[in-house]
Amino acid sequence: GDILDDYLRTDGVWILTRNKQFYTTNNEKECAEKCEAERNFNCRAFLFTRKKLQCLTLAENAQMTVTFNSTDAVLYEKKIYLLQCKRGIGKDYRGTEAKTRRGIRCQKWAEKTPHNPNYTPERHPSAGLDENYCRNPDEDESGPWCYTTDPATRFDYCNIPECEDQVTHTGEAECMQCNGEDYHGEVSRTESGLECQRWDAQEPHMHGFTLKHFPEKDLKRNYCRNPDGELQPWCFTTSPTKRWEYCNIRRCTTHPPVSGLGSHCLSGKGEDYRGRIAITELGNACQHWNTQFPHRHGWIPDRYPCKGLEENYCRNPDGEKRPWCYTTNSRVRWEYCAIPRCDGTEEEVAGMSNVPVQVPLLEECYRGKGESYHGTTSITASGKKCQAWNSMFPHRHEKTPDRFPNADLRDNYCRNPDGDNSPWCFTTDPSTTWEYCNLKRCDDHTQE
């Protein structure tokens, strides 16, 4: 597999660390190779800056030191050092538990008092004998242990929880169909072994995924769920330094039950549309879903096996207002498609001047500062999707429809409620709080 599969990626984060080495690399993979080959210290993570192509290998990860925002940086942490649970006998456990099951503090592996150790970092360099953390260098059947700071007790075992084995109370293995949107199991730990925060709690992380706002998403207790169409089920974590993380739930080997062959006309938002229209309502040809040119994107067919992302057909994988596609026009990232409605009111693909879905496009420009703009653009200048104004995820804010009743803060449409320079929105990218929108002034004569 890919070398980066062993790392947990977090965008827009920098961590403060004493032990680091600088390298110049062309990409994240080369930086990961530097981390694997690092001999100055035990490399637990690396930082990569996209503009300067700078690579920093790090002795600490986010669980061990202070983090802060840095727009251009990407943090990659080795998953093995984030696991706070053990698999099997815990030979590869690299967590930070440092007391025994009786609560006695562990002796540092490199020290000789009060006990002279047989297992030291020098003798066993690959056993992860850092600080005084519990480890299992001799593959003891009873799991991780440590020498203790109690002169009367040479060593003792540590109380390390088992990693989630994805087994239900019925004894049947849990698995997910598609991307786990309908997963209702009881896994409640993340990929790195962190315990999930309860959905009805707002600590340590405040969020808008509550039972009140998502009554049909089965947000029970602290079980992993996928209420927002992510790649797989996830949860907020109980660690203050890690807001959320995916859960490790395997994909089912059996195929999901087939509910018809999909619709060839538009009903509702068109999420089940499986027709072959491949041109947008404004006449742009659609880009193939399995290509990244001219527009890079994350809707890769292999990752979303149940979304019908075939060829370059119009689809609605993300709950948009209706089917859409990325276009082959490098200046137009994506557009909606004109799909005939199932109720018989035909919408021709092209040539109709009275298509009702095209009406809002007449107002996709703004006057003055755009405070009177009421269009339906919901994409920022850099192509990011807008966060809904009544949502607090991924960004908490005070620009709500209740507080700004006259600002028309509907859905996730670009608006200017606070007298800024032009319409803007909060973005669905956790690393970018807000951006101005992809709009031009109505009096801009260069607009085509």
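## Salt bridges

This predicted model holds 26 salt bridges. Side chains of opposite charge can pair when their charged atoms come close. Three of these pairs are described below, each in its own setting.

## A pair that is partly exposed

Take R9 and D11. Their side chains meet in a salt bridge, with 2.8 Å from N to O. How exposed is R9? Its relative accessibility is 42%, so R9 counts as partly exposed. D11 has 29% relative accessibility, so D11 also counts as partly exposed.

The pair does not stand alone. R9, D11 and R50 are linked in a network of salt bridges.

## Buried or exposed?

Are R322 and E281 buried or exposed? Both R322 and E281 are buried. Their side chains form a salt bridge, and the N to O distance is 3.1 Å. R322 and E281 both lie in the loop between β9 (244-246) and β10 (324-326), so their pairing ties together parts that are 41 residues apart in sequence.

Now turn to E398 and R403. Here the side chains meet at 3.5 Å, N to O, in another salt bridge. E398 is exposed, and R403 is exposed too.

## A nonpolar patch

Which residues make the nonpolar surface patch of about 280 Å²? They are L16, V66 and F68. One of them, V66, sits in the loop that runs between β4 (54-58) and β5 (67-78).

Key
Residues numbered from 1 in each chain as written. Predicted model: local features only at pLDDT ≥ 70, side-chain atom pairs only at ≥ 80, totals over all residues. Heavy atoms only, no water. Patch = residues over 30% accessible without salt bridge, like charges linked within 9 Å, V, L, I, M, F, W, Y side chains within 5 Å. Areas by Shrake-Rupley, 256 points an atom, 1.4 Å probe, with all protein chains shown as cover. Salt bridge = Lys/Arg side-chain N within 4 Å of Asp/Glu carboxyl O. Helix = DSSP H or I, 4+ residues; strand = E, 2+ residues; numbered from the N terminus. Buried < 20%, exposed > 50% of the residue type's maximum accessible area, 1.4 Å probe, protein only.
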